[in-house]
Amino acid sequence: MERKFNAKISSIEAENSKLKGELVASKQKIEINSKNIQNLFWNKGGTIYTRWGRTDCPNNNGTQLVYKGIAEGGSYDEAGSGTNYLCLPHDPDQSPSHFPDELEANDYVAHVWGAEYQYSFGMVKLSDDVPCAVCLDTTTTTSLMIPAKSSCPSPSWKVQYKGFLCSNMYGHPAASEYACVDYDAQYIEGKRENQDGKLFYPVVSKCGSLPCPPYENAKFMVCVVCSK
């Protein structure tokens, strides 16, 4: 009788231990699901930025590649077309078959050209073609490029990548936006030819209305892309 009683007690204790384990696992699952819901609510999909000069995205938790492409834009010597740099995908979709196909014969069009580096540093050489990557950070909700900095404002901001500030050359007729080209830039294989087009020139500081110090004249400017 006593042996049966002890066996019954052991069975009940084992069952209680199993139930406690299942309860702990359920609580952990609820906490994980709650955090996922909060992330979906607050992050709303994350923040997107372009990494110029690379075909990949930074190795940060929550950062993923949307697509990699080819840096393009309006030509350095054409006053029209767009001023911004574009990241064109490698697999473009064709225009509809009924779309006009003789526009190039007249002047009523804009142009998009491939982009080239106008400096040599690290792996890249003068006139190499420029790759790009569009990246999504699912853990943050905003991003910005900060010129003249290689660090982010505070620990709450995450460094995505650091680089050189670039734009079109000051003497060319076409203006261009400022872009942050990755410090460890890559080039598009098999395209080491000087064909110009959209260009990336490094930016230097010019003292005058720009206060010196803290800036120095004719110094190359760094940049950083941060997210939060």
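Tutor: Let us begin with burial: a residue is buried under 20% relative accessible area, exposed over 50%, and partly exposed in between, with a 1.4 Å probe and protein chains only. The model is predicted, so local features need pLDDT of at least 70 and side-chain atom pairs count only at pLDDT 80 or more, while totals for chains, interfaces and linings use all residues. Residues are numbered from 1 along each chain as its sequence is written, and side-chain values use heavy atoms, with hydrogens and water left out.

Student: Why is Cys152 called buried?

Tutor: Its relative accessible area is 14%, and the limit for burial is under 20%. Cys152 therefore counts as buried.

Student: What makes Cys152 and Cys226 a disulfide?

Tutor: A disulfide is a pair of cysteine sulfur atoms within 2.5 Å. The sulfur atoms of Cys152 and Cys226 are 2.1 Å apart, and the pair qualifies. With -100° about the S-S bond, this link is left-handed. The two cysteines lie in distant parts of the chain, 74 residues apart: Cys152 in the loop between strand E6 (143-147) and strand E7 (158-167), Cys226 in strand E10 (residues 222-227). Strands (E, at least two residues) and helices (H or I, at least four) are DSSP runs, numbered from the N terminus. Cys226 is buried as well, at a relative accessible area of 0%.

Student: Why is the disulfide of Cys87 and Cys132 called right-handed?

Tutor: The torsion about its S-S bond is about 95°, so the disulfide is right-handed. The sulfur atoms of Cys87 and Cys132 are 2.1 Å apart. Cys87 lies in strand E3 (residues 86-89) and Cys132 in strand E5 (residues 131-137), so the pair ties together parts that are 45 residues apart in sequence.

Student: How do you know whether Cys87 and Cys132 are buried or exposed?

Tutor: Cys87 has a relative accessible area of 11% and is buried. Cys132, at 0% relative accessibility, also counts as buried.

Student: What makes Cys180 and Cys223 a disulfide?

Tutor: Their sulfur atoms are 2.1 Å apart, and the link is right-handed, with 90° about the S-S bond. Cys180 sits in strand E8 (residues 179-182) and Cys223 in strand E10, 43 residues apart. Cys180 and Cys223 are both buried.

Student: How many disulfides does the rule give, and what pattern do they follow?

Tutor: The count comes to 5 disulfides. With bonded cysteines counted along the chain, the pattern is 1-4, 2-3, 5-10, 6-9, 7-8.

Student: Why is Cys166 in no disulfide?

Tutor: The nearest cysteine sulfur, that of Cys223, is 7.2 Å away, and a disulfide requires sulfur atoms within 2.5 Å.

Student: What makes the link between the side chains of Thr47 and Ser143 a polar contact?

Tutor: A polar contact is a pair of N or O atoms within 3.5 Å; within protein, one must be able to donate a hydrogen and the other to accept it, and residues adjacent in sequence count only if both atoms are side-chain atoms. The side chains of Thr47 and Ser143 are joined at 3.2 Å. Thr47 is found in strand E1 (residues 47-52) and, at 7% relative accessibility, counts as buried.
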